[in-house]
Amino acid sequence: MKNIILTGVGGQGTVLASKLIAAAAMAKDIPVTSAETIGMAQRGGSVFSHLRMGEGVHSPMILKGDGDLLIGFEPGESLRMLPYLKPDAPIITSIRPVIPVTAALAGGTYDGKAQLEYLKGLSHPLYTVNPDEAIRELGNPKVMNVVLLGAAVATGLLGLEPEDIKAAIRMRLPEKLHELNLRALDYGIQLAKAEK
Amino acid sequence: MHKEYLMGNEAIGLGALAAGVNVVAGYPGTPSTEVLETIAKKRKDTTYVEWSVNEKAAMELAAGAAYCGTRALVTMKQVGLNVASDPLMCLEYVGVKGGLVVLVADDPGPISSQTEQDTRHFAAYSKVPCLDPSSPEEAYQMIQDAFFLSEEYHTPVFLRPTTRICHAYSSLTVKDQEEYLENKPEGFIKDSKRWVIFPKLSFANHQKIVARDETLEEVFSAYQGNDIKTFGEKSGIRLGVAASGISYAYALETLEKLELPCEVKLFKVSTPYPFPKQKALRFLMDCDQVLCLEELDPVVEDGLIHLAGRYNLSVEILGKHSHATSVAGENTRDSIEGWIRTFAGISAGEPDTPDEKEKPDLPVRPPVLCAGCPHRASFYAVKQAMKGKKTIFCGDIGCYTLGNAMPLDMVDTCLCMGAGVNIAQGVGRVEPDTTCFAFVGDSTFFASAITGVVNAVYNQANMTLIVLDNSTTAMTGHQPHPGTGHTMMGEIVAKVDMEQVLRGIGVTTVETLNPLEHKKAVETVARVAAEPGVKAIIFKYPCIAMPSDKAKELKELGPVRILSDKCIQCKKCIREIGCPALTVKDGKVAIDETLCTGCGLCKAICPTHAIEGGDL
C-alpha cells in the first residue's frame, strides 16, 4: 500500500497530477483511490489530494503519520501537510510561495522562506523545485504539476516507471500538449536525480 | 463490464444509466453536481436530461415522468432538498409507477454549504426510503438497487451520499453500454383516484405507507448493504461499532489494523430509513457496549437507542448523545481511529512529529473572488457610489458570497437561495432611512429571486436589485441556466431575457451595463439608488474562468503592467479591491502574471496612472 499526498493552492493543477498517477497505476492493475478538495476552497484556498494505491484500502483519506510521499506545489502548503507523513517519507516541494490576498492586505510577512527553511531542517529527504528555473527551461508556467510529478517518479516511491507516467500523459491529455508535458516530466526526473 | 477510474458522482451517474434511467433533472449544488453532468455526457439518445430552474421544478418534472412509468432521477444538494420538499412530501403519499430516485448529497463540515442538515432525518420525516453508500463502488450498486426498490414499492427512494463519497475517486468495474437496462414506459394512464391528492387518499395511503415500512424493515435486514463483520477474539466484554457512510470505511480500515483486546462486531447501516430492525436487534443482543460512528445527526444512534429501549436490552450505546464522538463537522480517518481506540481501551499510537513546536506560522487562505472576476468590479462600484450613506448589502448564494471578504466587505447578510431580495425589503420596513440593496447572481435570479421581486413591486418596497450576470452558474462549475441560451441536451435556445422579466413584473428602471466601466458604473448606481421604489441594475460581464469572446480578447491583451517610475507604492489598488493578482514583492506592488487576466479594474483605481496594459 502506498499513500501519496499532493497539496497546493486552488488552481495549481494538483488534481491533474493525481489523475496521471492514478491512470498509470490503473494501467498496471494496481487498485487506486483518491480524495480531493472540490468546491468553494478551490477559489484560492488550500487544496489537497490523498492518493492511495495497492490492496487493503477502504478509506479514500490517509491517516496522519501514514503518508509515504508528499508532493507540494507551494512551500507553506507542504508544511501544512507534514503531519500526514511517515517519519522518513520524502518531500518534493516547489519553493515559490503563493501570497494570499490577506497577507498582501495586512502587510503580512509570509514569503514562504521560513517554511522552506523549516522543511530543510527536518529528517525527511527533501527535493526542491524552483519554478522560475523550470519555466525558463520549459517556456511554460502551466506544467509545474508535471515537473513535480517527474521528481516524484524519480524517488521510486510511486512504484511506477517514467514510461508508465508518459503513457498516462499520452492517454489523458490532448495531443498538442504531449511534447511539452513529456519534457516537463523528464525535467522533473533529472532535477530529482541531481538532488540525490 | 470494464474498469474505470471514477469519481463517486460519476459512478452514480453511470449506475443510473445502467439502470436504464430515461429522465434526469436537477439543480447544480456541491457536492452533487457531477452526477447529472456525467449522465449528460454519457447518455444514450433515449435519455432526457436537464438542469431545471430549481429543485422544485426538477422534482415535479421527475414525478410527471415517473407517473408515466419511466425511470427518473432528480439530483440536488441537501439544501436544495428544502426547495423540493413541497412536492416530495406530497409525492410520497401519491406514489410513483416508474422508479424515481432522489439523489441528495449531504455535506458534513460543511465544506460548501450553509447547513449541516441530514437527509436521513428528512427520509424519516417524509417517509421516503433512504440508501446511504460508504464508497463509490457501493454508490454505483445502490443507485441501481434504488430504482428497483422504487418500482417494487411505488415510492420515491433517496440515495444520500456525502462529500467524501461524491468526490472520492476509485478504480471500479462498471457495465458496458450494451449491458444497460432498457425501460419501455407504459405511458400515463388516467386515474384520478391515484394521481390526484385528496384528504381521503392521503389517509388511506398513510396507513399503507406505515405497513410498507414495516415490510421494508425486514427487507432491509436482509439487504447486503446492512452487514455485520466480526474482528478480534472473544474475551470478556462484547463490543460493537455501528457505522454508516464514509465513517464505515474509516472504521473498517481501523478495525482491520488494530490489535483488539476483545471481540468487536462492526455493523454497517446502509438503510437509515426504514431502519433494518431485525438485523439491528441481532447486533445489539451480541453486544454489551456499542459505539456509533456517523456524520451529521445521530440517526443510527437514535435507531439503536430506540430498539434497546423498546426491547429492554441491557446494552450501553455511545455516540453523539454521550459526547463520545463529535456532534458537528466531518469525521476523519484520524478521529474515527481515536474514538475506536478509546472505546476499546487501546492506547494511542506514537505522537505526531515531535518538531511541531517551533513550526513557522502557516499562511491563512480563505477563498476569494478570482483575479479578474467581474463581481469584484460590481461590488466596488456600488461601494464607491454609496460611500458615506447608510446602506445594507443583502447577499445571496454563489461565488459572489465571497464579496464578504476584506477589503470589499460588501455582503452584510446571506441566508439561502434568493433570500437577499426579501431580506432587503424587511430591513427597509424597519429602517426607512437605509438604502437597501440586494445582490443576486443570474442563476439564482431564475432559481428563486423572481418571486421576491414580485413581492417587492406589489408591496411597494424601496430597494435596488443588483443582478451579477456572469452568464453562467459559476460556483458549481459553469452550468447553463435559462439566461444562457443553451441546454444540457446541447440545444441552442432563446434566452430568457432578465431585463424583460423585470420590466414585465413592473420594475420601470432597469439598467444593464459593464461593471468594468468603473466611472459609468458608479454614476449609474448613485443615480438609480436615489430613485424611489424597486429598481434594478444588471451588471453583465462573462465569468472570467469560462471560455468566452471576452476571455479570448483579454488573453491577447495580456496582463497589466506596473510603471515603476509612476508607482508611489501607496498600495491603494491592494487596499481597495483585494485582487489576488496584486501582490507585494520585496516591499513593492507587483503583478502576479500567472493570475492577472488584464481586466483593468486596478487601472481605474490607481491615483497616479501607474498601471498600464490590459482592458479598458
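## Chain B: fold and dimensions

Chain B contains 22 helices and 22 strands. The model described here is predicted.

## Chain B: fold and dimensions

Chain B contains 22 helices and 22 strands. The model is predicted.

Of the 616 residues in chain B, 51% are buried. Among contacts in chain B between residues at least 6 apart in sequence, 79% link residues at least 24 apart.

## Domains of chain B

Chain B is divided into four parts: domain 1 covers residues 2-218, domain 2 covers 227-344, domain 3 covers 374-546 and domain 4 covers 551-612. The centres of domain 2 and domain 3 of chain B, taken over C-alpha atoms, are 48 Å apart.

## Chain A: fold and dimensions

Chain A has eight helices and six strands. Their order along the sequence is β-α-β-β-β-α-β-α-α-β-α-α-α-α. The radius of gyration of chain A is 16 Å, close to the 16 Å that the globule rule gives for 196 residues, so chain A is as compact as a globular protein of that length.

The C-alpha trace of chain A spans about 50 × 40 × 35 Å along its principal axes. Buried residues account for 54% of the 196 residues in chain A. Among contacts in chain A between residues at least 6 apart in sequence, 67% join residues at least 24 apart.

## Where the chains meet

At the interface, 44 residues of chain B are in contact with 44 residues of chain A. On the chain B side, the elements that give two or more residues are strands S1 (2-7), S8 (168-174) and S20 (582-585), together with helices H11 (245-257), H14 (333-344) and H21 (572-577). By class, this side of chain B has 23 nonpolar, 10 polar and 11 charged residues.

Strand pairing also links the two chains: strand S2 (residues 32-36) of chain A and S8(B) run antiparallel and are joined by three bridges. Within this pairing, A:Ala35 has B:Ala168 in S8(B) as its bridge partner.

Definitions and conventions
Residues numbered from 1 in each chain as written. Chains lettered and ligands numbered in written order. Predicted model: local features only at pLDDT ≥ 70, side-chain atom pairs only at ≥ 80, totals over all residues. Domains from an automatic or database assignment. Contact = placed C-beta atoms within 7 Å. Helix = DSSP H or I, 4+ residues; strand = E, 2+ residues; numbered from the N terminus. Nonpolar A, V, L, I, M, F, W, Y, C, P; charged D, E, K, R; others polar. Pairing = 2+ DSSP bridges. Rg over C-alpha atoms; globule rule 2.2 N^0.38 Å. Buried ≥ 20, exposed ≤ 12 C-beta atoms within 10 Å, placed from the backbone.
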